[in-house]
Amino acid sequence: MSEAIPVTLIPGDGIGPEIVGATVKIVEASGAKIEWDRQLAGMAALNAVGDPMPVATLESIARTGVALKGPLETQLGSGYRSVNVALRMRFDLFANVRPARTLMPNGRYTGVDIILVRENTEGLYSGVEHYVKIGNDDHAAAESVAIITRAGADRVIRFAFEHAVSRGRKKLTLVHKANILKLSQGLFLETGRKIAKDYEGRIIFEERIIDAMAMHLVLTPEKYDVIVTTNMFGDILSDEISGLVGGLGLAPGANIGEKAAIFEAVHGTAPDIAGRGIANPGAVILAACLMLDHVGDAATATRIRTAMNDVLHSGKSLTSDLGGNATTTGFADAIIARLA
Ligand code: NAI
């Protein structure tokens with residue numbers, strides 16, 4: 001018997017404990033050999049130990065190299081810095097991977113199967129911001145600096161090409177705004193064009209300007225395969241893409257670096273429905289499948305995805321965001337009942 005794989009488990013805030021709990025139940029029922037190391041982060045950690053990002057949690061991720069995480073509450077504008085962003089920076093999780101596939105029958109689109117790879121540490125979200133004083137007004141203006149480095153662009157674009165090859169994909173679309181932001185976006189595009197030459201004959205390379213891309217995704221999403229783009233464009237496009245395939249309740253994401261990977265739902269803590277047992281655990285379940293793929297248990301990931309697909313197609317035991325009236329546990333139990 002192979003040894004259990006240690007994975008850091010962070011239940012998170014709001015609906016986090018409910019949907020992560022349901023997911024753990026499914027992973028355990030699947031027979032996957034995972035040894036959970038439960039840790040706190042976010043508001044739950046602030047309340048328990050006075051720190052939204054406790055040392056014990058950081059040490060656990062450094063040790064296991066893999067974490068499954070529920071959403072964490074971030075205070076807007078003021079308060080502590082986003083723990084999600086801090087974790088990405090701390091473990092240098094430079095690639096954010098968000099796969100989106102048509103899952104619900106009778107949706108607006110069929111045949112959507114896109115993997116979006118978003119640069120996760122640079123661009124407009126680098127955290128380099130300041131106010132500019134004019135006259136007596138300390139906050140007369142504000143500047144946020146978009147930093148693109150050749151090394152940062154190179155590693156995420158190469159990652160996207162490699163991901164495309166390893167998943168048997170055919171095409172990679174680089175999304176940019178180099179027509180206006182000639183230097184920063186230009187550097188990202190120029191780096192992509194160079195790397196594309198290494199993949200000629202294996203992966204088709206195309207370029208799209210962000211605004212046109214936003215429209216093309218709504219008109220013909222089935223034409224896109226793997227997409228790579230800078231931080232903020234990726235943030236916006238990934239929510240757009242999750243909307244094409246049934247909304248946030250079914251959108252998983254992975255933050256991947258050289259030494260660690262953190263898997264999570266794209267959505268947040270859903271404070272409006274937290275504690276009512278009605279949240280859709282689907283996105284965290286699919287994040288757990290990405291985690292299983294990552295640790296080398298793709299067979300179990302496929303079994304869980306197939307069981308979930310069956311439940312979605314049955315039209316029964318669905319949570320309210322998917323048009324049903326099942327509870328979080330009811331949806332999870334229906335998946336467990338179908339696990340082959
Ligand atoms: P949200 O994603 O939590 O909620 C948006 C809407 O989608 C709400 O109506 C909510 O009920 C619904 N929703 C989200 N997930 C759902 C699910 N699994 N099942 C059913 N309905 C679901 O976004 P919001 O309200 O902007 O953010 C709330 C908090 O979450 C904030 O503190 C924000 O910073 C944090 N957040 C954390 C993220 C993370 O930890 N990765 C990501 C996004 C937001």
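This briefing covers the nonpolar cores, a nonpolar surface patch and selected residues of the structure above. The model is predicted. Its largest nonpolar core holds 72 residues, and a second, separate core has 16. In soluble globular proteins, nonpolar side chains tend to be buried together.

**Nonpolar cores**

**Surroundings of F331**
- Beyond its neighbours within four places in sequence, F331 contacts N280, P281, G282, I285, M308, V311, L312, S317, L318, T319, L322 and A326.

**Surface patch**
- A nonpolar patch on the surface is formed by V128, V145 and I147, whose accessible area together is about 180 Å².
- V128 is located in the loop connecting strand 5 (113-119) and strand 6 (129-134).
- V128 counts as partly exposed because its relative accessibility is 35%, between the limits of 20% for buried and 50% for exposed.

**Residue S320**
- S320 belongs to the loop between helix 10 (298-314) and helix 11 (328-338).
- With a relative accessible area of 43%, S320 is partly exposed.
- Leaving out residues up to four places away in sequence, S320 touches I278 and A326.
- S320 and L103 are 217 residues apart along the chain, and their C-alpha atoms are separated by 16 Å.

Notes
Residues are numbered from 1 along each chain as its sequence is written. This is a predicted model: local features need pLDDT of at least 70, side-chain atom pairs count only at pLDDT 80 or more; totals for chains, interfaces and linings use all residues. Side-chain values use heavy atoms; hydrogens and water are left out. A nonpolar core is a set of buried Ala, Val, Leu, Ile, Met, Phe, Trp, Tyr and Cys residues joined through side-chain atoms within 4.5 Å. Buried means under 20% relative accessible area, exposed over 50%, partly exposed in between (1.4 Å probe, protein chains only). Contact means heavy atoms within 4.5 Å. Patches are made of residues with over 30% relative accessible area and no salt bridge: like charges are joined within 9 Å, nonpolar side chains (Val, Leu, Ile, Met, Phe, Trp, Tyr) within 5 Å. Accessible areas come from the Shrake-Rupley method with a 1.4 Å probe; for residues, only the protein chains shown count as cover. A salt bridge is a side-chain nitrogen of Lys or Arg within 4 Å of a carboxyl oxygen of Asp or Glu. Helices (H or I, at least four residues) and strands (E, at least two) are DSSP runs, numbered from the N terminus.
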